[in-house]
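Subject: Handover of the structure

Hello,

I am passing this structure on to you, with notes on what turned up in it. Please look at the sequence and the model first, then read on.

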Amino acid sequence: MVSIKSEREIALMRDAGKILAEVHARLGEYVRPGISTYDVNAFGDKLIRKYHCVPNFLHYNGYPASICVSVNDEVVHGIPHRNHILKEGDIISLDAGLIYKGYHSDAARTHAVGKISPEAQKLMDVTKESFFRGIKMAKAGNHLNDICKTIDGYVTSFGYGVVRDLVGHGIGTKLHEDPQIPNFTMRRRGTRLRKGMTLAIEPMVNMGGWEVEWLEDDWTVVTADGSLSAHYENTILITDGEPEILTLL
Ligand code: MF3
Ligand code: CO
C-alpha cells in the first residue's frame, strides 16, 4: 500500500532530508585519494549520530555499515573496508540514510576521487541528470511509469545500461515502502502519483551493459562486464506542482 503523508509527517520528512543533505555535503568534501572506504563510513556514521539521528542502513537485513560505499564497477551496497584505499581517478558512490524522529531519508551521490577521466565524468553527469529529467514527471496525476520511462529513455540514449535488478521505493516510517520505482520502462503505467507521497528515486547507471552480479559477500553489486557504474538518489515529495526534493540543501 502506498502511504500518503500528513503535513506533520511531511515536516518531519523535510527535517530528515535536510540533515541527510548536510551529511552528504560533508561526505563529498571528505572524499580524497589515500583514505579508505572504512574511513568514509566512519566519518558518515559519526556525522549522522552527531545530528542525533540513527543510520538506517546499519544492520538492515544484516548490512554491516552505515554508508554504502561503492567504487568504480561496484554499483551499490559496497561494504567499507580498511584495506580498500581510494586512489586518484576512482569514482565513488555513497549511499546514505538516516532516521529522524521516526522518519527515514535516503540519498546517494557519486563523487570523483581527484582527477577522473572525461568518460567517467560524463557517466556521473548523465546519471544525475536522468534523476532530474525523471522527477520533472513526478507530479500528482501522472503515473509512476512517466518517471521510469523518462529516466530510461535519457540514460539509454547515451548507450549506457540502466540497472534493472534494483529499484527506487516509497519511503517514510520505513526505509522501503511501496511502490517500487524501476529506472526502466514498465509495461504498465503504474501507481497514480498523489500529493503527499514520499519517494526515493535512484537511477543506477552502468557505462556498459545493464547486467549486474553479486559478490561473495552477498551485498556488493558489481557490473557484470566490469564497466564503471554511477548512482544518484534523492528523497522527494509529490505535490500538485513541482516535486520537492527533500535531500538537497
Ligand atoms: N539506498 C539503498 C536502498 O534504497 C540502500 C539500502 S540497502 C542497505 O535500498 F542494506 F544498505 F541498507
Ligand atoms: Co534507496
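This is a predicted model: local features need pLDDT of at least 70, side-chain atom pairs count only at pLDDT 80 or more; totals for chains, interfaces and linings use all residues.

The metal site

Which residues coordinate the cobalt ion (ligand 2)? The donors are Asp106 through OD, His169 through NE2, Glu202 through OE and Glu233 through OE, at 2.0 to 2.3 Å. Along the sequence, these donor residues of the cobalt ion follow the spacing D-x62-H-x32-E-x30-E. Glutamate 202 sits in the loop between β9 (198-201) and β10 (204-206), and glutamate 233 sits in the loop between β13 (229-231) and β14 (234-237), so the pair ties together parts that are 31 residues apart in sequence. Both glutamate 202 and glutamate 233 are buried.

Ligand 1

Ligand 1 has these residues around it: Phe57, Tyr60, Tyr63, Cys68, His77, Asp95, Asp106, His169, His176, Glu202, Trp219 and Glu233. The cobalt donors Asp106, His169, Glu202 and Glu233 are included in that list.

- Aspartate 95 has a polar side-chain atom 2.6 Å from a nitrogen atom of ligand 1.
- Aspartate 106 has a polar side-chain atom 2.9 Å from an oxygen atom of ligand 1.
- Histidine 176 has a polar side-chain atom 2.6 Å from an oxygen atom of ligand 1.

How much of the accessible area of ligand 1 does the protein cover? On its own, ligand 1 has 330 Å² of accessible area, and the protein covers 95% of that. The largest pocket is the space taken by ligand 1.

Tyrosine 63, one of the residues around ligand 1, belongs to the loop between β1 and β2 (67-71). Is tyrosine 63 buried or exposed? Its relative accessible area is 2%, and because buried means under 20%, tyrosine 63 counts as buried. In space, tyrosine 63 and aspartate 218 are 9.5 Å apart from C-alpha to C-alpha, while in sequence they are 155 residues apart.

Other buried residues

Threonine 37 is part of helix α2 (residues 37-50). With a relative accessibility of 1%, threonine 37 is buried.

Serine 130 is part of helix α3 (residues 118-135). Its relative accessibility is 0%, so serine 130 counts as buried. The side chain of serine 130 reaches a backbone atom as well, namely the oxygen of threonine 127, at 2.7 Å.

Leucine 237 belongs to strand β14. The relative accessibility of leucine 237 is 4%, so this residue also counts as buried. Between leucine 237 and lysine 195 there are 7.7 Å in space, C-alpha to C-alpha, and the two are 42 residues apart in sequence.

Proline 55 is found in strand β1 (residues 54-55). Proline 55 is buried, and its relative accessible area is 5%. From the C-alpha atom of proline 55 to that of aspartate 125 the separation is 27 Å, and these two residues are 70 apart along the chain.

Backbone details

Most residues other than glycine have a negative phi, and most peptide bonds are trans.

Proline 179 lies within strand β8 (residues 177-181).

Histidine 52 has a phi near 60 degrees, which is positive although the residue is not glycine. This histidine 52 is placed in the loop between α2 and β1. With a relative accessible area of 72%, histidine 52 is exposed.

Lysine 101 has a positive phi too, near 50 degrees, and is likewise a residue other than glycine. The loop between β4 (91-100) and β5 (103-112) holds lysine 101. Its relative accessibility is 61%, so lysine 101 counts as exposed.

To start viewing, go to the cobalt ion (ligand 2) with Asp106, His169, Glu202 and Glu233, then to the pocket taken by ligand 1.

Regards

Conventions: Residues are numbered from 1 along each chain as its sequence is written. Chains are lettered from A and ligands numbered from 1 in the order in which they are written. Side-chain values use heavy atoms; hydrogens and water are left out. Donors are N, O and S atoms within 2.8 Å of the metal (3.2 Å for Na, K and Ca); water is not among the atoms, so sites may look incomplete. Helices (H or I, at least four residues) and strands (E, at least two) are DSSP runs, numbered from the N terminus. Buried means under 20% relative accessible area, exposed over 50%, partly exposed in between (1.4 Å probe, protein chains only). A residue is near a molecule or strand if one of its heavy atoms lies within 4 Å of it. A polar contact is a pair of N or O atoms within 3.5 Å; within protein, one must be able to donate a hydrogen and the other to accept it, and residues adjacent in sequence count only if both atoms are side-chain atoms. Accessible areas come from the Shrake-Rupley method with a 1.4 Å probe; for residues, only the protein chains shown count as cover. On a 1 Å grid over the protein atoms alone, a cavity is a set of points where a 1.4 Å probe fits but cannot get out, and a pocket is an open set with protein on both sides within 12 Å along at least five of seven lines; lining residues have an atom within 4 Å of a point. A molecule sits in a cavity or pocket if more than half of its atoms lie within 2 Å of its grid points.
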